[in-house]
Amino acid sequence: IKITNLNFAYTPEKPILKNVNMEFEIGKKYGIIGESGSGKTTFFKLLNGMLEDYEGKIEYDGISLLNLDKEKIRENVAYIDQNVYIFNDTIKENICLGKNYPDEKIDNSIKESALLPMIQNLENGINTPASENGKNFSGGQRQRIAIARALIHGRKILLIDEGTSSLDKENALEIEKRLIENPDLTVIMISHNFDPQIKEKLDGVYKL
């Protein structure tokens, strides 16, 4: 993914991103840091095609993002933010989204997203129903469901916007380590402050 001279503003008098240049290689792991209001979330929305009115270039394998099929982007790129949407259905259905997956694949996505301890503590396990928008789960638990959802659906590029912010330090570290150690994933994470154990494992850190 190559970003060249990227500029974006919601209104002309208030530019958010100015002359941003970055490069992300397949299979590698990156961090993005910056003060509040520096445009980190806006940058992710541009990367996954949610915002299009920008100047400069965003290219995937040399092809402009503007020329890529939006469905193809959604098949390959998962955007996980702090506000995860949870359906009024079981944990399993919230992960699988109506598709049939082998138990082994479901179990693996649960393990890789550090959901296993939570599920083991629930009487009905993975078949526990979620209330409206998952209000019976904590923010951290909803984030873990979202990560499991992205993994099981084969998303190869994960854009994680403070995606472990609702977790305690131990769980956040466990998830981030699992994602960083997965050679099949390209991971770009936003954080105000990376734990030193995570930062040393990243292939690059960009500041906005």
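1. **Basis.** The model is predicted; local features need pLDDT of at least 70, side-chain atom pairs count only at pLDDT 80 or more, and totals for chains, interfaces and linings use all residues. Residues are numbered from 1 along each chain as its sequence is written, and side-chain values use heavy atoms, with hydrogens and water left out.

2. **Content.** The protein chain has eight helices and nine strands. Both are DSSP runs numbered from the N terminus: H or I of at least four residues for helices, E of at least two for strands.

3. **Overall dimensions.** The radius of gyration of the protein chain is 17 Å, which agrees with the value near 17 Å for a compact globule of 208 residues. That radius is taken over C-alpha atoms, and the globule rule is 2.2 Å times the number of residues to the power 0.38. Along the principal axes, the C-alpha atoms fill a box of roughly 55 × 35 × 35 Å.

4. **Burial and contacts.** Of the 208 residues, 48% count as buried. Buried means under 20% relative accessible area, exposed over 50%, and partly exposed in between (1.4 Å probe, protein chains only). Take the contacts between residues at least 6 apart in sequence: 68% join residues at least 24 apart. Contact means heavy atoms within 4.5 Å.

5. **Helix 4 against helix 6.** The axes of helix 4 (residues 103-112) and helix 6 (residues 139-152) come within 8 Å and cross at roughly 135°. That makes helix 4 oblique to helix 6. Axes are lines fitted to C-alpha atoms, for helices over the stretch in contact, and angles run from 0 to 180 degrees between N-to-C directions. Under 35 degrees is roughly parallel, over 145 roughly antiparallel, 65 to 115 roughly perpendicular, and the rest oblique.

6. **The contact itself.** Helix 4 contributes K105, I106, S109 and E112; helix 6 contributes A148, L151 and I152. By class, that is four nonpolar, one polar and two charged residues. Ala, Val, Leu, Ile, Met, Phe, Trp, Tyr, Cys and Pro count as nonpolar, Asp, Glu, Lys and Arg as charged, and the others, Gly among them, as polar.

7. **E112.** This residue lies in helix 4. E112 counts as buried because its relative accessibility is 18%. Leaving aside neighbours within four places in sequence, E112 is in contact with L151, R178 and N182.

8. **Helix 1.** Helix 1 (residues 40-47) is mostly covered, with six of its eight residues buried. They are K40, T42, F43, F44, L46 and L47. G49 follows helix 1 and has a positive phi, near 85°.
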